[in-house]
Amino acid sequence: MQSSSSAAPASRLLFLDALRAFASVVILWHHFALYPPLSVQATPLLGGLVHWFHEYARSTQVFFVVGGYVMARTMSGRSWDSLAVWKFVARRYCRLGIPYLAAIVLAMAACAFGQGWLPDAVVGGAPTFPQVLAHVFFLQEPLGFDHLSAGIWFVCINFQLGIIHVAALWLRDLLTRRMKLPVGSPWVDVPLIAGWLISLFSLFLFHDQPGADSWAPYFYPYFFLGVLIHRAMMNRRSEVMFWVYLAVMVTVMCHDWRWRLASALMVGLMLFLADKTGFATRWPRARWVSRLGRVSYSLFLVHFPVLVIVSSVWARLGWTSPAAAVTGLFVAFAASVGTAFVFHRWVEEPAAALSRRWGSSWQETPATTVRLPADVG
């Protein structure tokens, strides 16, 4: 069975743009509902909506599933040696890290602007040098430092997931060379074997450990679901494995209901069906959805600083009525989208261009010439 992805390698998967656009907007409104004062002041008019976004609107797992799918599509057919691994790490840091660090600078400036006007829970205290240094290396949460912006823990986890995946590919190719096995031998399919082991460990054992969500294995089941979706497009045997994995996820939820796991399963199933039927390359055709999907990472990074600035302006002007607060939330939303396009043009795109320079010497098979939008993480 050939998938749409292999049949039309040059096609852009529009459905991925739609997923990214949807997830980034949901995360934005989750944070808008989470951080006072506008969300609290708007409660008399939008109480039910604010509560729903505060408690249930968490969609980072969408990006993990999409990220696993995109990495499997673009990395599996490449030949990985030590040099290629180091180049990947450098590329990944440029692609994720440069926009992430720029957004942290924006957040620090926004919080400084909001000092004395917004709650300390929002703007925090003055950042310390060790705290900033921990952010540079994506280690703030494991080292016990507060995050300097909302949601950036996700970037740290995404970086870890990429390293785990490329390490498995490197080990696959190393064993293939050392054992003189044919390329593609199932005996050294480290990404698949390690993926199952890490995912089962996370789903059944690691999930309940204190501080587990500071590390990539906690989120690996979502990422591995994306990997299995790509593999399911290749042959019938891999498709069976995909359905078995879904059954495992359902079994886990029957024992211990988890909203994140349920939503990841739904997204994975939609992505699988969209790719299998060719729907992923045909819908949605709306240009604004595609454009929003392309800037989703920038929107993810800049919406918190924008919210802080708008909230600070509203506080300084004394606009604290419910109607004014609702207006402020929608002004912050519009300003976040506009800022995301500017940030994408002047920060994310140059970072992506710098990232691509590291990979020009890679040896690739024809299966890896697919050009896909960079995953948000």
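1. Helices, in this note, are DSSP runs of H or I with at least four residues, numbered from the N terminus. The structure is a predicted model, in which local features need pLDDT of at least 70, side-chain atom pairs count only at pLDDT 80 or more, and totals for chains, interfaces and linings use all residues. Residues are numbered from 1 along each chain as its sequence is written, and side-chain values use heavy atoms, with hydrogens and water left out.

2. The salt bridges may be considered at the outset. Side chains of opposite charge can pair when their charged atoms come close. A salt bridge here is a side-chain nitrogen of Lys or Arg within 4 Å of a carboxyl oxygen of Asp or Glu. The whole structure contains 7 salt bridges.

3. One of these lies in helix α2 (residues 14–34), where D17 and R20 are 3 residues apart and therefore separated by about one helical turn. Their side chains meet in a salt bridge at 3.8 Å, N to O. Both D17 and R20 are buried, a term that means under 20% relative accessible area, with exposed being over 50% and partly exposed in between (1.4 Å probe, protein chains only).

4. R172 and D173 also form a salt bridge through their side chains, at 2.8 Å, N to O. D173 counts as buried because its relative accessibility is 11%. R172, with 15% relative accessibility, counts as buried as well.

5. Which parts of the chain does the pair E239 and K276 link? The side chains of E239 and K276 meet in a salt bridge at 3.3 Å, N to O. This pair links distant parts of the chain, with E239 in helix α12 (residues 236–255) and K276 in helix α13 (residues 259–277), 37 residues apart. E239 is buried, at a relative accessible area of 6%, whereas K276 counts as partly exposed at 32% relative accessibility. Salt bridges with shared partners join R236, E239 and K276 into one network.

6. Helix packing is the next topic. Axes are lines fitted to C-alpha atoms, for helices over the stretch in contact, and angles run from 0 to 180 degrees between N-to-C directions. Angles under 35 degrees count as roughly parallel, over 145 as roughly antiparallel, 65 to 115 as roughly perpendicular and the rest as oblique. The axes of α2 and helix α5 (residues 60–75) come within 9 Å and cross at roughly 155°, so α2 and α5 are roughly antiparallel to each other.

7. For helix α6 (residues 82–114) and helix α9 (residues 153–178), the axes come within 10 Å and cross at roughly 165°. That makes α6 roughly antiparallel to α9.

8. Helix α10 (residues 190–204) and helix α11 (residues 216–232) pack at an angle of about 140°, with their axes 8 Å apart. This angle makes α10 oblique to α11.

9. G125 lies in the loop between α7 (120–123) and α8 (129–136). Is G125 buried or exposed? G125 counts as exposed because its relative accessibility is 57%.

Technical notes
Helix = DSSP H or I, 4+ residues; strand = E, 2+ residues; numbered from the N terminus.
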